[in-house]
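Have the sequence and the model side by side. The walk below starts at one residue and widens from there.

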Amino acid sequence: NVTTRYLDLADFLIIAEKVLGIEAKVLAKGVGVDLAESALCAPSASFTGVEFYEEFRHKAAILVKDLFKNPPLPVELGELLMHVSENLYSVITTVGKLPRVVT
């Protein structure tokens, strides 16, 4: 039995801080925070206990689609993904020990 840990807004802001070099507290005050929250909620969407996206690949796809469709950060998402791919180990290490962000 596999349990999925979904990213929340705090996770997203800490990752964005690491990748962009902009403090999470500053990013949290940005106009795109609601877009990020919406995209982050999509992979866990369900109705009467039945998940819309049961497979991990579908969860990942809907998250990336929503982030591309409505970019929540002050940079192009392609640029962000390029930074993430260049610094993947650092980002993965960061996700493993995420502090909570106070907005």
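L9 is found in helix α1. Helices here are DSSP runs of H or I with at least four residues, strands are runs of E with at least two, and both are numbered from the N terminus. This is a predicted model, where local features need pLDDT of at least 70, side-chain atom pairs count only at pLDDT 80 or more, and totals for chains, interfaces and linings use all residues. Residues are numbered from 1 along each chain as its sequence is written, and side-chain values use heavy atoms, with hydrogens and water left out.

Is L9 buried or exposed? L9 counts as buried because its relative accessibility is 18%. Buried means under 20% relative accessible area, exposed means over 50%, and partly exposed lies in between, with a 1.4 Å probe and protein chains only. Leave out residues up to four places away in sequence, and L9 touches V33, A36, E37 and L40. Contact means heavy atoms within 4.5 Å. A28 sits 19 residues from L9 along the chain, yet their C-alpha atoms are separated by 8.7 Å.

Now turn to helix α3, residues 33-41. Its buried residues are V33, A36, A39 and L40. They lie on the same side of α3, because they cover an arc of only 125° around the axis. That arc is taken from the directions from the helix axis to the C-beta atoms. The buried residues of α3 pack against α1 (9-20), α2 (24-28) and α4 (56-69).

Next comes the core. The largest nonpolar core has 18 residues, and L9, F12, L13 and L73 touch the most other members. Such a core is a set of buried Ala, Val, Leu, Ile, Met, Phe, Trp, Tyr and Cys residues joined through side-chain atoms within 4.5 Å. Helices α1, α2, α3 and α4 are the elements that give two or more residues to this core. The most come from α1, with eight residues. What does F12 contact, leaving aside its neighbours within four places in sequence? F12 is in contact with A36, L40, L67, P72 and L73.

Finally, step back to the whole chain. It holds six helices and two strands, in the order α-α-α-β-β-α-α-α. Of its 103 residues, 34% are buried. Among contacts between residues at least 6 apart in sequence, 64% join residues at least 24 apart. The accessible surface comes to about 6900 Å², with 59% belonging to carbon and sulfur atoms. Accessible areas come from the Shrake-Rupley method with a 1.4 Å probe, and for residues only the protein chains shown count as cover.
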